[in-house]
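Subject: Structure handover

Hello,

Here is the structure I promised to pass on. Please open it alongside this message.

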Amino acid sequence: MEAKPRGISRKASYAIKMKRAVHLLFYKKHRDPGVKGWELRKALGSEYPRVLNLLDSYLEKLDLKVKTVFEDEITNPENPTLEQLDKARFYVTLRGTLTPKETKMVGWRIDDIAALAVSLGYIISKGGKAPRKEVEDFLAVKLPKWRVDINLNRFIRLGYIYEDENTTLYLGWRTRAEVDQGRLVDLLLQSESKVKNDAHDN
């Protein structure tokens with residue numbers, strides 16, 4: 001455990017480290033948002049998981065949370081070791097969900113958000129991976145081909161989808177960080193059911 005600076009209470013020491021953590025987490029310095037655990041340990045000391053827990057409790061009042069993403073793990077470990085935490089990415093995301101009005105202000109077109117939701121829903125329905133061609137064909141039912149390519153490449157670049165050398169698509173780290181997958185599937189099923197009911201009524 002790191003010794004706190006002389007003349008500073010333990011509470012004040014944690015408050016200083018929380019501010020440092022905010023600076024690291026909120027101000028993007030890499031292509032990808034967030035910061036690696038080893039970077040936090042270097043800046044905050046070995047107690048950085050404790051600092052992040054305190055910060056997460058504070059951010060709850062603002063409907064935000066510190067999300068831990070284990071990019072090298074298929075599923076998040078229940079009791080991660082410090083070594084696993086060092087390799088993980090820490091990222092501030094919403095604790096709740098955006099309203100439809102707020103969604104329009106995030107800089108994405110509504111049809112692009114819909115394309116992301118449909119792409120993720122398709123990959124989830126296939127057990128977490130799907131050939132790119134299948135996802136392209138599925139999206140092409142609603143979007144022009146040129147827009148399908150732009151969208152998929154954008155989702156891959158931003159980390160929502162991962163594509164391997166065999167052009168198989170997987171859920172990316174940002175999907176695991178930001179998306180409630182169960183909730184997404186429920187919403188897509190409800191939407192599909194509503195479309196069928198509307199068609200039947202007409």
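The model is predicted, so local features need pLDDT of at least 70 and side-chain atom pairs count only at pLDDT 80 or more, while totals for chains, interfaces and linings use all residues. Residues are numbered from 1 along each chain as its sequence is written, and side-chain values use heavy atoms, with hydrogens and water left out.

Overall

The protein chain has 10 helices and six strands; these are DSSP runs numbered from the N terminus, with helices being H or I of at least four residues and strands E of at least two. Of its 202 residues, 34% are buried (under 20% relative accessible area; exposed is over 50% and partly exposed in between, with a 1.4 Å probe and protein chains only). The chain exposes about 13,100 Å², and carbon and sulfur atoms supply 54% of that (Shrake-Rupley method, 1.4 Å probe; for residues, only the protein chains shown count as cover). Taking contacts (heavy atoms within 4.5 Å) between residues at least 6 apart in sequence, 61% join residues at least 24 apart.

Cores

In soluble globular proteins, nonpolar side chains tend to be buried together. A nonpolar core here is a set of buried Ala, Val, Leu, Ile, Met, Phe, Trp, Tyr and Cys residues joined through side-chain atoms within 4.5 Å. The largest one has 19 residues, and those with the most contacts inside it are Ile123, Val135, Leu152, Phe155 and Ile161. Two or more residues each come from α6, α7, α8 and β6, with α6 giving the largest share, six residues. Leaving out residues up to four places away in sequence, Ile161 touches Ser119, Leu120, Ile123, Leu152, Phe155, Ile156, Leu169, Tyr170 and Gly172. A second, separate core has 18 residues, among them Ala21, Val35, Leu85 and Val92.

Helix α7 (residues 132-140) has Arg132, Val135, Glu136 and Leu139 as its buried residues. They span an arc of only 100° around the axis, which puts them on the same side of α7 (the arc is that of the directions from the helix axis to the C-beta atoms). Their cover includes α6 (110-125), β4 (129-131), α8 (145-157), β5 and β6. Glu136 counts as buried at 11% relative accessibility. Beyond its neighbours within four places in sequence, Glu136 is in contact with Lys145, Val148, Asp149 and Leu152.

In helix α2 (residues 37-44), the buried residues are Gly37, Glu39, Leu40 and Leu44. Their arc is only 155° around the axis, so they lie on the same side of α2. They pack against α1 (10-26), β1 (35-36), α3, α4 (82-87) and β3. After α2 comes Gly45, with a positive phi near 95°.

Aromatic rings

A pair of aromatic rings is described by the distance of the centres and the angle of the planes. Rings of Phe, Tyr and Trp (its six-membered ring) pair if their centres lie within 6.5 Å; planes under 30 degrees apart are stacked, over 60 edge-to-face and the rest tilted. The structure holds four such pairs. In one of them, Tyr48 and Phe90 have ring centres 6.0 Å apart and planes at 90°, so the pair is edge-to-face. Tyr48 lies in helix α3 (residues 48-60) and Phe90 in strand β3 (residues 89-94), so the pair ties together parts that are 42 residues apart in sequence. Both residues, Tyr48 and Phe90, are buried. The rings of Tyr162 and Tyr170 have centres 6.0 Å apart with planes at 45°, so this pair is tilted. Tyr162 is partly exposed at 47% relative accessible area, and Tyr170 is partly exposed at 26%.

There are also charges over rings (NZ of Lys or CZ of Arg within 6 Å of the ring centre and within 35 degrees of the ring normal). The charged end of Arg50 sits over the ring of Tyr14, 5.7 Å from its centre. Arg89 lies over the face of Trp173, 4.8 Å from the ring centre.

Asp63 has a positive phi near 65°. Asp63 is in the loop between α3 and β2 (64-69) and is partly exposed, at 32%. Thr167 has a positive phi near 55°. Thr167 belongs to the loop between β5 (161-163) and β6 (168-171) and is partly exposed, at 41%.

Regards
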